[in-house]
Amino acid sequence: MDIQTIQSTYPSAIWFDSAYSGTESGTFAEPYNTFTEAFSAVSASGVIAVKSGTHQDNLVTLNKSITIVGTGHDAILEKSSTGIDVTSAITFLDLGLKTTTGGGNTYFMRLQVTSPAFTCTIKGCKCFNTNSSLDGFISGDNNANNSLVVSESVFELQCTTTDQGAVLRSWNYGYFADTSFTSCTIKLTGGNAQSFLGYGKYSTSTRTTKNCIFVGFTGNETLYSNSTGTIVDTNNCYHTTAHSGGTNNVFGDPLFVDSATSDYRLRPSSPCINAGTAS
């Protein structure tokens, strides 16, 4: 989202820029230079606006329902250690989310057990990592029942968790309630993950993937590690994966313009064009 759009849509936004030095008041001209300061200043239901640049910061536990909006994928929130704990309804909008950590029990964010449960939203973001031993980008928690809604986002991930998922770290201790991925591009760039989405174990949950493109790395990846719940798998494209079935899915090369440079626009001859659904 460009700066003018943020300013007109969210005129009371608290601005954050880790590269800034000077008087800090949270305005566009005088942003806070730590996320902790910005988060302390923002009110519940408020907005933190992130300027362009890579902001490696000690991101706090997100325990207020807020929106975090960026000026585009070049406004990057980066974690170099096990990730952010989310305990309230957070919306991540139009920014980059990055982790460089790896090893056991690692992720970019974890949706923790809360009462009442909440929904975390990711829209228009680019999510990526640099360490192939990541346990999964988004984690649930032991017996957590929070929902996740993801749309219009890109995931470029390396992952070596053979019993979990590259995007969703979910197994015995990583539970989610309803999950929805719509109009996303999910590409694995390394490792040997078993699945893209390691769904949790709630039989009452609905797992929706619609109008998405999934590209595997080894070709052995499945859509999910645990199929408990209602599965909605429709109008997706799968390439270099072991997944089959679903409804109105395409199995073949999506023909990106240049995936090596993260240009995931589709060439005119792509089988994915007009293969989606509005319903």
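Figure 1. Pro116 is found in the loop between strand E7 (109-111) and strand E8 (119-123). Helices (H or I, at least four residues) and strands (E, at least two) are DSSP runs, numbered from the N terminus. The structure is a predicted model, in which local features need pLDDT of at least 70 and side-chain atom pairs count only at pLDDT 80 or more, while totals for chains, interfaces and linings use all residues. Residues are numbered from 1 along each chain as its sequence is written, and side-chain values use heavy atoms, with hydrogens and water left out. The bond between Ser115 and Pro116 is a cis peptide bond, with omega at about 0°. Most peptide bonds are trans, and most residues other than glycine have a negative phi.

**Figure 2. The protein chain as a whole.** The secondary structure comes to 2 helices and 24 strands. The radius of gyration, taken over C-alpha atoms, is compared with a globule rule of 2.2 Å times the number of residues to the power 0.38. For 279 residues a compact globule would have a value near 19 Å, and the protein chain agrees because its radius of gyration is 18 Å. Its C-alpha trace spans about 55 × 45 × 35 Å along the principal axes. Of the 279 residues, 54% count as buried; buried means under 20% relative accessible area, exposed over 50%, and partly exposed in between (1.4 Å probe, protein chains only). Among contacts with a separation of 6 or more, 65% are accounted for by residues 24 or more positions apart, where contact means heavy atoms within 4.5 Å. The accessible surface of the protein chain is about 10,900 Å², and carbon and sulfur atoms hold 45% of that. Accessible areas come from the Shrake-Rupley method with a 1.4 Å probe; for residues, only the protein chains shown count as cover. There are 14 positive and 21 negative side chains, and the centres of the two sets lie 4 Å apart. Lys and Arg count as positive and Asp and Glu as negative, with His and the chain ends not counted; each charge is placed at NZ of Lys, CZ of Arg, CG of Asp or CD of Glu.

**Figure 3. Tyr20 and Thr27 in the loop between E1 and H2.** Tyr20 has its place in this loop, and so does Thr27, with strand E1 covering 14-16 and helix H2 covering 35-41. Tyr20 counts as buried because its relative accessibility is 19%. Not counting residues up to four places away in sequence, Tyr20 touches Ala29, Glu30, Pro31 and Asn33. The C-alpha atoms of Tyr20 and Asn33 are separated by 5.7 Å, although the two are 13 residues apart along the chain. Thr27 is partly exposed, at 37% relative accessibility. The side chain of Thr27 reaches the backbone nitrogen of Glu30 at 3.0 Å. Between Thr27 and Pro11, 16 residues apart along the chain, the C-alpha separation is 9.7 Å.

**Figure 4. Ser45 in the loop between H2 and E2.** Ser45 is placed between H2 and strand E2 (47-50). Ser45 is not a glycine, yet has a positive phi of about 75°. With a relative accessible area of 67%, Ser45 is exposed.

**Figure 5. Gly96 in strand E6.** Gly96 lies in strand E6, which covers residues 91-99. The relative accessible area of Gly96 is 0%, so Gly96 is buried. Beyond residues up to four places away in sequence, Gly96 touches Gly72, His73, Ala75, Ile76, Leu77 and Lys126. Gly96 and Val50 are 46 residues apart in sequence and 10.0 Å apart in space, C-alpha to C-alpha.

Figure 6. Thr234 lies in strand E20 (residues 230-234) and counts as buried at 13% relative accessibility. Leaving aside neighbours within four places in sequence, Thr234 is in contact with Thr209, Lys210, Asn211, Thr247 and Asn249. Asn235 is found in the loop between E20 and strand E21 (237-239). Asn235 has a positive phi of about 55° although it is not a glycine, and is buried, with a relative accessible area of 11%. Thr277 lies in the segment after strand E24 (263-266). With neighbours within four places in sequence set aside, Thr277 is in contact with Lys210, Asn211 and Asn235. The side chains of Thr277 and Ser279 are joined by a polar contact of 3.0 Å. A polar contact is a pair of N or O atoms within 3.5 Å; within protein, one must be able to donate a hydrogen and the other to accept it, and residues adjacent in sequence count only if both atoms are side-chain atoms.
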